[in-house]
Amino acid sequence: MHEHRRAAQARGLPTGAVLRMAAVAAIEQDEASPRVGEPNPKESKTERMTIRMPLFLMNGAKERAVSKGMTPSRWISALVQSNILQQ
């Protein structure tokens with residue numbers, strides 16, 4: 001059984017709720033951060049970033065990406081962009 005399913009069962013919550021709780025907690029911590037200004041074309045070059053996360057979150061991200069017809073890296077990139085730009 002996947003970790004996110006175990007965590008959900010332990011809390012008596014649906015699996016998606018555990019993933020949402022983790023995402024909301026991360027977003028709420030970041031809300032106090034200053035807003036990013038308008039995108040600067042000089043800073044639009046993409047860079048690679050490696051992230052580490054618990055397996056249940058990684059699996060959840062992969063499942064969400066597939067459900068949206070995206071690669072996991074593209075889905076995570078879109079999630080970060082949306083959060084930072086508040087769109």
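These notebook entries record what I looked up in a predicted model of one chain.

**Basis.** I number residues from 1 along each chain as its sequence is written, and my side-chain values use heavy atoms, with hydrogens and water left out. In this predicted model, local features need pLDDT of at least 70 and side-chain atom pairs count only at pLDDT 80 or more, while totals for chains, interfaces and linings use all residues.

**Elements.** I found four helices and zero strands in the chain, in the order α-α-α-α from the N terminus. Helices are DSSP runs of H or I of at least four residues, and strands are runs of E of at least two, numbered from the N terminus.

**Burial.** I looked up burial for the 87 residues of the chain and noted that 15% count as buried, that is, under 20% relative accessible area with a 1.4 Å probe, protein chains only.

**Core.** I recorded Ala7, Ala8, Val18, Leu19 and Phe56 as the largest nonpolar core, meaning a set of buried Ala, Val, Leu, Ile, Met, Phe, Trp, Tyr and Cys residues joined through side-chain atoms within 4.5 Å. Helix 1 (3-11) and helix 2 (15-30) each supply at least two residues of this core.

**Helices 3 and 4.** I noted that helix 3 (residues 55-67) packs against helix 4 (residues 72-85) at an angle of about 95 degrees, with axes 8 Å apart. Axes are lines fitted to C-alpha atoms over the stretch in contact, and angles run from 0 to 180 degrees between N-to-C directions. Helix 3 is therefore roughly perpendicular to helix 4 (65 to 115 degrees). Ala61, Lys62, Arg64 and Ala65 in helix 3 meet Pro72, Trp75 and Ile76 in helix 4, with contact meaning heavy atoms within 4.5 Å.

Definitions and conventions. Buried < 20%, exposed > 50% of the residue type's maximum accessible area, 1.4 Å probe, protein only. Parallel < 35°, antiparallel > 145°, perpendicular 65-115°, else oblique.
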